Amino acid sequence: MPAMVQINEVSKTYADGFCALNSVSLDIEDGEILALLGPNGAGKTTLISTICGITRASSGDIHVGGYDVVEEYRGSRSLVGLVPQEINLEPFERVMNTVKFSRGLFGKAKNDALLEKILRQLSLWDKRDSRIMELSGGMKRRVLIAKALAHEPRVLFLDEPTAGVDVELRRDMWDIVAQLKRDGVTIILTTHYIEEAEAIADRIAVINKGEILLVEAKDALMTRLGQKELRIELQQPINAIPESMTGRGLRLEEDGLVLVYTYDATQDRTGMASLIGDLSAAGLVLRDLQTRQNSLEDIFVGLVSDQEDAA
């Protein structure tokens with residue numbers, strides 16, 4: 001079965017020569033949550049805008065639900081809901097009217113029961129007659145989501161949906177996204193919050209300088225996150241790892257003062273006890289021991305740094 005969103009060798013270069021997307025290829029499966037991570041200016045919003053038909057790609061092609069986003073724009077756009085970064089709502093309009101208007105833009109028949117369900121799901125039902133200007137920032141973001149869902153899209157793009165939102169409301173938003181997934185909606189989420197991707201995504205994609213650096217299932221990433229480092233600070237620096245310790249997966253850092261040992265924290269045996277004994281037998285005097293676990297942020301920063309170094 002074809003992926004819900006198919007992105008094939010898509011590039012976007014502006015008139016001034018700036019390349020925002022560089023041969024991006026990515027398949028997004030029906031019903032999954034994909035978290036798209038990247039620093040500012042990485043190309044996240046440009047990619048979303050291109051999929052939604054707001055921006056025209058310079059080359060390559062994109063299909064949503066089998067529809068070409070350029071040649072079959074009406075078909076593809078009817079399947080897509082977009083929640084943008086910016087809160088751009090008519091301040092004097094009421095919540096219900098705002099959502100009804102969005103549904104009407106797509107030529108959908110009146111369905112007050114559906115709109116009530118959406119507003120209740122987003123904790124907006126009690127605010128249905130309130131003017132937008134009377135809502136908090138978090139509630140306005142919920143209205144943006146309601147607008148995006150009003151025409152029953154199969155694909156929902158959330159571009160930094162929790163930016164500027166407090167921690168409690170952010171977690172509420174995660175619950176909303178989880179419910180949308182249970183309803184069968186495919187969700188593409190861009191975020192600066194690493195914990196957001198860890199909490200709700202099925203897969204993680206990392207983009208920087210318009211290029212996809214990694215696409216991996218979250219569970220596979222979590223396995224990699226199971227790796228820990230034991231940092232062994234020595235009393236005296238050494239020039240090289242003792243020959244008797246080769247093959248133990250050690251590396252030497254900080255001018256010979258620190259040995260780093262990587263191990264899998266999920267295993268019953270880490271090998272640390274025998275390692276410490278072997279180091280003592282090799283005549284090395286230990287000054288301090290520290291353990292450190294990899295995080296998704298470490299992997300993200302490492303990928304971006306590697307790309308910077310290779311440039």
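1. Gln-6 stands opposite Asp-27 of strand 2. Strand 1 (residues 5–13) and strand 2 run antiparallel and are joined by six bridges. Strands here are DSSP runs of E of at least two residues, helices are runs of H or I of at least four, and both are numbered from the N terminus; two strands pair if DSSP finds at least two bridges between them.

2. The model is predicted, with local features needing pLDDT of at least 70 and side-chain atom pairs counted only at pLDDT 80 or more, while totals for chains, interfaces and linings use all residues. Residues are numbered from 1 along each chain as its sequence is written, and side-chain values use heavy atoms, without hydrogens and water.

3. The open sheet has four strands in the order 2-1-4-5, paired antiparallel. Strand 2 (19–28) and strand 5 (67–68) are at the edges with a single partner strand each, so one side of each has no neighbour in the sheet.

4. The axes of helix 3 (residues 95–105) and helix 5 (residues 137–149) come within 8 Å and cross at roughly 30 degrees (axes are lines fitted to C-alpha atoms over the stretch in contact; angles run from 0 to 180 degrees between N-to-C directions). Helix 3 is therefore roughly parallel to helix 5 (an angle under 35 degrees). Val-95, Thr-98, Val-99 and Ser-102 of helix 3 contact Val-143, Ala-146 and Lys-147 of helix 5 (heavy atoms within 4.5 Å).

5. For helix 5 and helix 6 (residues 167–182), the axes come within 11 Å and cross at roughly 15 degrees. Gly-138, Arg-142, Ile-145 and Leu-149 in helix 5 meet Leu-169, Asp-172, Met-173, Ile-176 and Leu-180 in helix 6.

Technical notes: Parallel < 35°, antiparallel > 145°, perpendicular 65-115°, else oblique.
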